[in-house]
Amino acid sequence: MKKIIYTLKTPFLLTVTFMIICGIGYPLLVTGLGQTLFSYQANGSQIKENGKVVGSALIGQAFTETTYLKGRPSGVNYNTYTAAEKENGHYLGVASGSENLAPSNPDLKKRVAQDMARFLDQNPTIKKEAIPTDLMTASGSGLDPHISPESAKIQVPEIAKASKISEKKLYQLIDAQTTKPALNFLGTPTVNVLAVNLAIHAQLNTDKSN
């Protein structure tokens, strides 16, 4: 019996030791460092307005108002669903991803045609050939909050009409929220749709108060 206890002593102590190190110590260390040095990123890169969380810099949202910038299509509806859809079982939990449909797939062609028709209806001055590709294609995650500067600026004329904000001011708001490529050559310039729309919202409130 003593021999069995002696034999099991070392693996038992090693198990307890690594449980404490890996199961308690390491998670606490990483969490502490994250909250201390990178609290913004560790908490989901939340964007707040008047102390209230209105979104994340990493996750897109669907905007339908004519006064705001529109983002890319989402294969998972940006992971947002109504209460009715949840009750009907159409929402199965946190989701990301794309439909992975081939360019020849009729469902994809139908979806793109519908999105294009909707966009052209909302932007009657724009020709079909001028629509940037990213405005008609969903991202791989379905959650991308960014569009290209071209996709943002092509929407300016109609937003200006609906919001009464000058086109010059809208271009300035977009430029202010445009992220340049890392080291000026890694990647492409991107515009965060939510950030621009918050700037538009703030401008609308400013105009009302004046």
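User: Why does lysine 153 count as partly exposed?

Analyst: Lysine 153 has 31% relative accessibility. Buried means under 20% relative accessible area and exposed over 50%, with partly exposed in between (1.4 Å probe, protein chains only), so lysine 153 counts as partly exposed. This is a predicted model, where local features need pLDDT of at least 70 and side-chain atom pairs pLDDT 80 or more, while totals for chains, interfaces and linings use all residues. Residues are numbered from 1 along each chain as its sequence is written, and side-chain values use heavy atoms, without hydrogens and water.

User: What makes aspartate 175 and lysine 153 a salt bridge?

Analyst: A salt bridge is a side-chain nitrogen of Lys or Arg within 4 Å of a carboxyl oxygen of Asp or Glu. For aspartate 175 and lysine 153 the N to O value is 3.1 Å, so the pair is a salt bridge. Aspartate 175 lies in helix α7 and lysine 153 in helix α5, so the pair ties together parts 22 residues apart in sequence. Helices are DSSP runs (H or I, at least four residues), numbered from the N terminus.

User: Why is aspartate 115 called buried?

Analyst: The relative accessible area of aspartate 115 is 15%, so the residue falls on the buried side of the cut-off, under 20%. Arginine 118, at 44%, is partly exposed. Arg111, Asp115 and Arg118 are linked in a network of salt bridges.

User: Why is the pair of phenylalanine 63 and tyrosine 68 called tilted?

Analyst: Rings of Phe, Tyr and Trp (its six-membered ring) pair if their centres lie within 6.5 Å; planes under 30 degrees apart count as stacked, over 60 as edge-to-face and the rest as tilted. Here the centres are 6.4 Å apart and the planes at 55 degrees, so the pair is tilted.

Note on methods. Helices (H or I, at least four residues) and strands (E, at least two) are DSSP runs, numbered from the N terminus.
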